[in-house]
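Dear colleague,

Please find below the structure that I am handing over to you. My findings follow directly after it.

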Amino acid sequence: RRHCAMEIAVRPASTAQQRFVIDDGSKVGEARRAAQKLATLVFNEELAGKVAIAATELANNLLLHAGGGELLMQTLDSGDEAIVELLALDKGPGMDVAECMRDGYSTGGTPGTGLGAVRRLASEFDIHSRPGEGTAILARFGTPPAVRYGAVSVAVEGEIDCGDAWHIVSDAEGTAVIVVDGLGHGTFAAEAARVAVDAFADSPFSAPGEFMTRAH
């Protein structure tokens, strides 16, 4: 879609998000420590602390109210700015979003301030829930990019690296997007996908045929 906007380049710091399966109390602490470490790489101590608090609240929410779920983390680059994204996913009973976002509301005997706290701490927050199907909660920290986007890329079970990658570039010309699926799984597929992303980033608005030549 063509538009006029300040030039930005959005790119994941790695080919895949960190994935934490929250199925017992020890995993909450593991997720919190990982979030703190990830955020410390790109933020000051205060903002990194906010990310760690939000990760703790989201992980606790998964465990207490959904019977477990997944917490995904990734860093994104938007020009000179960095973004840390937390994405909580579950297949629990769902929730009444309006009620659950109200401070003091709780179905698990807690103070009922968790999701409200995450919303206040985050620079961008969104939640979607369907009764009987589950809930997805997004929290981002840092300066939101000029172009709204979302991407989930996690390694297949048993692999460390993900063979899928993506890249978004926006400037006065418009917005260019690439999604790559490296053949196979794991490290070699991830390397192939990374090379394709690099070829795209060199000239994102060139014709598809020119990109394929560079990628090949």
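In this predicted model, helix H5 (residues 186-202) packs with helix H6 (residues 208-215) at an angle of about 135°, and their axes are 9 Å apart. An angle over 145 degrees would count as roughly antiparallel; H5 and H6 are therefore oblique to each other. The crossing in which H5 passes H6 is right-handed. On the H5 side the residues that meet the partner helix are Ala 196, Ala 199 and Phe 200, and on the H6 side they are Phe 211, Arg 214 and Ala 215. Sorted by class, this contact of H5 with H6 has five nonpolar residues, no polar ones and one charged one.

A second pair of helices is H1 (residues 25-40) and H2 (residues 45-65), whose axes lie 8 Å apart at an angle of about 155°. H1 and H2 are therefore roughly antiparallel to each other. Here, too, a right-handed crossing is found, with H1 passing H2. H1 contributes Gly 25, Val 28, Ala 31, Arg 32, Ala 35, Gln 36, Ala 39 and Thr 40 to the meeting of the two helices, while H2 contributes Ala 48, Gly 49, Val 51, Ala 52, Ala 55, Thr 56, Ala 59, Asn 60 and Leu 63. Ten of the residues in the contact of H1 with H2 are nonpolar, six are polar and one is charged.

H2 also packs with helix H4 (residues 114-121), at an angle of about 150° and with 9 Å between the axes. H2 and H4 are therefore roughly antiparallel to each other, and H2 passes H4 in a left-handed crossing. From H2, the contact involves Lys 50, Ile 53, Ala 54, Glu 57, Leu 58 and Asn 61; from H4, it involves Gly 114, Leu 115, Val 118 and Leu 121. By class, the contact of H2 with H4 comprises six nonpolar, two polar and two charged residues.

Two individual residues may also be of interest to you. Val 42 is placed in the loop between H1 and H2. With a relative accessibility of 35%, Val 42 counts as partly exposed, because partly exposed residues fall between the 20% limit for buried and the 50% limit for exposed. Apart from its neighbours within four places in sequence, Val 42 is in contact with Ala 82 and Val 84. The C-alpha atom of Val 42 is 8.1 Å from that of Ile 83, although these two residues are 41 residues apart in sequence.

Gly 174 lies in strand E8, which covers residues 174-181. At 0% relative accessibility, Gly 174 counts as buried. Between the C-alpha atoms of Gly 174 and Phe 205 there are 8.6 Å, and along the chain these residues are 31 residues apart.

Finally, I turn to the chain as a whole. The chain contains six helices and eight strands, which run β-β-α-α-β-β-α-α-β-β-β-β-α-α from the N terminus on. Of the 216 residues in the chain, 45% are buried. Among contacts between residues at least 6 apart in sequence, 61% join residues that are at least 24 apart. The chain exposes about 11600 Å², of which carbon and sulfur atoms supply 53%.

With kind regards

How values were computed: Residues are numbered from 1 along each chain as its sequence is written. This is a predicted model: local features need pLDDT of at least 70, side-chain atom pairs count only at pLDDT 80 or more; totals for chains, interfaces and linings use all residues. Side-chain values use heavy atoms; hydrogens and water are left out. Axes are lines fitted to C-alpha atoms, for helices over the stretch in contact, and angles run from 0 to 180 degrees between N-to-C directions. Helices (H or I, at least four residues) and strands (E, at least two) are DSSP runs, numbered from the N terminus. Angles under 35 degrees count as roughly parallel, over 145 as roughly antiparallel, 65 to 115 as roughly perpendicular and the rest as oblique. A crossing is left-handed if the near helix is turned anticlockwise from the far one by less than a right angle, and right-handed if clockwise. Contact means heavy atoms within 4.5 Å. Ala, Val, Leu, Ile, Met, Phe, Trp, Tyr, Cys and Pro count as nonpolar, Asp, Glu, Lys and Arg as charged, and the others, Gly among them, as polar. Buried means under 20% relative accessible area, exposed over 50%, partly exposed in between (1.4 Å probe, protein chains only). Accessible areas come from the Shrake-Rupley method with a 1.4 Å probe; for residues, only the protein chains shown count as cover.
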